[in-house]
Amino acid sequence: MKNSLLILTFFLAGLLAGNASWIPAGWAEEKVSSYILYVFIFLVGVSIGADPRLNMILRSIRPVVFLVPAGVAMGSLGGTALCFLIFRSLSLSDSLAVGAGFGYYSLSSILIGEVSGKTAGAVALLTNIFREITTLLAAPLFAKWFGNLAPVMSGGATAMDTTLPIILNSSGKDFIFIALISGIFLSILTPLLISLIYSF
Amino acid sequence: MWRIPLFLIAGIVAGRILRDRKRIVAGTGRLLMISIFVLLFILGVGIGSNKEIIGQIGSLGLTAAGLGIFAIAGSILAGIMIQRFFPPRNEK
């Protein structure tokens, strides 16, 4: 989730190249990228496994600790399910999978784009960037209106890195522990939940 | 589909084993960034070359904003309930 701007630059470059047909049509439809996808998922795992903060989670496994990420997961899936029932603009599984991104837009858009389709991948990218930016901008208001836990809930998986500073700023230093645990746990949950949702 | 959890868990285990090898960890971190760049570039090409998606990009943006608002609202609602039913005690 670091280097957000650089990540978006590559996406936009691809968008332009595809739209201007600099790259032959059908190139991106090939299965080539699914091998890179598995390497990518493996590397995501390595980065989580090698993260020194993972020790903190493993040392402090108490049921209460999982309350916050579980709340984010249920709230996000419940919210996107409700959005599906009202607007029906995407299928239920696409809506749920987009919600299961928890703000982790690079991973969720790549995975959903590969497994479900480019349209759902595009929505996953936009929704989860929207979630990160909203948290960055509105965390102080969320904390004031809905309590100090709200910025951690809104930040989702990004609470462990990109939105951590604004969470500490608006909720207080006491929330560093819960923000890190929730963010790391949700980062692991994102690929698991997305593959679970599409296996039905 | 089962491959994704499998590769993720294999990666986490490998990361745990390699975590003290700083240079290997830094190398895999760089590789991860590169694979994100490549995969998002490919996703971009797939979306950009698809006139149907580009044609409805406005409504896709609205759909995305709707899903984002509902996901955030649901999460914050869950947070309000957690604060009500599990008030912070000796959290540190």
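Predicted model: local features only at pLDDT ≥ 70, side-chain atom pairs only at ≥ 80, totals over all residues.
A:Phe142 is buried, with a relative accessible area of 10%. Here, buried means under 20% relative accessible area, exposed means over 50%, and partly exposed lies in between (1.4 Å probe, protein chains only).

Residues are numbered from 1 along each chain as its sequence is written, chains are lettered from A and ligands numbered from 1 in the order in which they are written, and side-chain values use heavy atoms, leaving out hydrogens and water.

Now to the rings. Rings of Phe, Tyr and Trp (its six-membered ring) pair if their centres lie within 6.5 Å; planes under 30 degrees apart count as stacked, over 60 as edge-to-face and the rest as tilted. By this rule there are 6 aromatic pairs over all chains, including these:

| Pair | Centre to centre | Between the planes | Type |
|---|---|---|---|
| A:Phe87 and B:Phe70 | 6.2 Å | 85° | edge-to-face |
| A:Phe142 and A:Phe146 | 6.2 Å | 45° | tilted |

The pair of A:Phe87 and B:Phe70 crosses between chains, from helix α4 (residues 67-87) of chain A to helix α4 (residues 57-85) of chain B. Helices are DSSP runs (H or I, at least four residues), numbered from the N terminus. A:Phe142 and A:Phe146 are separated by about one helical turn, because they are 4 residues apart in helix α7 (residues 118-146) of chain A. Ring pairs also link A:Phe142, A:Trp145 and A:Phe146 into a cluster.

Key
Helix = DSSP H or I, 4+ residues; strand = E, 2+ residues; numbered from the N terminus.
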